[in-house]
Amino acid sequence: MASELTIKLHNTLTRTKEVFAPLDAKNVRMYVCGPTVYDFAHIGNARPAIVFDVLFRLLRHAYGADHVTYARNLTDVDDKINARAARDFPGLPLNEAIRRVTEKTAAQYQKDTIALGCLEPNVQPRATDHIEGMQTLITKLIASQHAYEAAGVGEVLFDVGSMPDYGKLSGRDLDNNLAGARVEVDAHKKNPADFVLWKASTPEEPGWDSPWGRGRPGWHIECSAMSERYLGQVFDIHGGGLDLIFPHHENEIAQSRCAHGTHAMANVWMHNGFLQVEGQKMSKSLGNFYSIHQLLETEDFGGRQWPGEVLRLGLLMTHYREPIDFTVKRLEEAETKLRDWQRAASAAKGTGTPDASVIEALSDDLSFHRASVAIDVIARKANRGVETAVECLAATLDFFGFSKDSLLADTGDVDAARIDALVNERLEAFKAKDFAKADAIRAALLTEGIQLMDGKNEAGERVTKWEIKR
Ligand SMILES: [Zn+2]
């Protein structure tokens, strides 16, 4: 099935926005680098999960849900994991401690991404289940003289000098790497930019037998092996954060292309921008480092918990390629926006389909801004009581992973009739130009947690809605 929708995506490899043409419209294939499971995912990790989830949804819409394969890996062998395991479980054998760290972290990541409204990828491979595939790739690279065993250090290294166009994705050439690099001169490397495919493990460290001795893979080879296993030697889209372009993605490309003798690893490379918190780079030492779990379950950020859907919308409100400043104000805006949409959609019976102009807006390199302007248009129609608009709005929200009513407070023990009466009294006060009284009523209701929102109806008269804050 070919798509009738024209999807344009910005390709880091060509630095242009291109019309997306899958290799096989019956099986559109996307790989996204997932987390290294040594610690709870932070809000910066949430961004690629959400951005590529939206792309996954768009591709499923365009090509059919059964015609898209999305793989997102878990890196569960890494020196950061070893260090964390040794720190957190000093009494346990390292392999047992590692298992505890990775299982707990991977399970939490799963919970976090679901809370953020992300669909589960079709496959979520773990590196440790694919060691054999990595060894096969390394063997091929050695045989084709793109890799070599460094004598005496138990390492297999990729020989960057063997690949004439190494550095194309990041726009670095080898001379630049050499000139600007902080690379110490490693006597065992042919070129300082050569990177590790396999390294020796001490008896305590996790390791697998191999033709090069007991050891473990380098990080980059993991993604080359897992993407090949599930998506083939060449596939459509490879995504991740901007920080992965170099060296991680550059080296994935080098390994995969040289091992398979292909012109490309993936045709389109997409990268989401950085995230700051309240205007500053997120770091543990600045105390502005927030895990997704913390935002969802604690009151550490802005003194309250945040629903996953609000975090999701907050992150989508900036174009995925732009840097985001993640702030309390942004989340409050997202919450107000989502609540407005939900208020207009909540009566839907579930008979609608997503709005075509919203999908079209999103097809322009995932322009969520344009899409949200189009959603506002439908919401206005829905607010005027147009039933098809109510249905369409609910289906459109569902398309994006938003519920039609999750933020609408249960009125519970609130006396709605009394509040309605006060709201009417206030409207009368406005008519009588008694603004002091109108303000007093607003203030009194606010102390009860009731927020008033003034607007105008089609006749130009003041109308006031109210909602329960939190
Ligand atoms: Zn990767």
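User: Which residues line the largest cavity, and what makes them lining residues?

Analyst: The largest cavity is lined by Val51, Val54, Leu315, Leu316, Thr318, His319, Tyr320, Leu362, Leu366 and Phe368. They count as lining because each has an atom within 4 Å of a cavity point, a cavity being a set of points on a 1 Å grid over the protein atoms alone where a 1.4 Å probe fits but cannot get out. The model is predicted, with local features requiring pLDDT of at least 70 and side-chain atom pairs pLDDT 80 or more, while totals for chains, interfaces and linings use all residues. Numbering runs from 1 along each chain as its sequence is written, and side-chain values use heavy atoms, without hydrogens and water.

User: How many cavities are counted, and what volume does the largest cavity have?

Analyst: The count is one cavity of 30 Å³ or more. The largest cavity has a volume of about 80 Å³, a volume being the space filled by probe spheres set on the grid points.

User: What makes the space beside His42, Gly44, Asn45, Asp243 and Leu244 a pocket?

Analyst: A pocket is an open set of points with protein on both sides within 12 Å along at least five of seven lines.

User: Why is α10 called oblique to α12?

Analyst: Helix α10 (residues 328-345) and helix α12 (residues 368-383) pack at about 40°, their axes 9 Å apart. Angles under 35 degrees count as roughly parallel, over 145 as roughly antiparallel, 65 to 115 as roughly perpendicular and the rest as oblique. The angle therefore makes α10 oblique to α12. Lys337, Trp341 and Ala344 of α10 belong to the contact (heavy atoms within 4.5 Å).

User: What makes α4 roughly perpendicular to α7?

Analyst: Helix α4 (residues 131-143) and helix α7 (residues 245-260) pack at about 65°, with axes 9 Å apart. That angle makes α4 roughly perpendicular to α7. Leu137, Lys140 and Leu141 in α4 meet Gln255, Cys258, Ala259 and His260 in α7. This contact comprises four nonpolar, two polar and one charged residue.

Key:
Axes fitted to C-alpha atoms, helices over the stretch in contact; angles between N-to-C directions. Helix = DSSP H or I, 4+ residues; strand = E, 2+ residues; numbered from the N terminus. Nonpolar A, V, L, I, M, F, W, Y, C, P; charged D, E, K, R; others polar.
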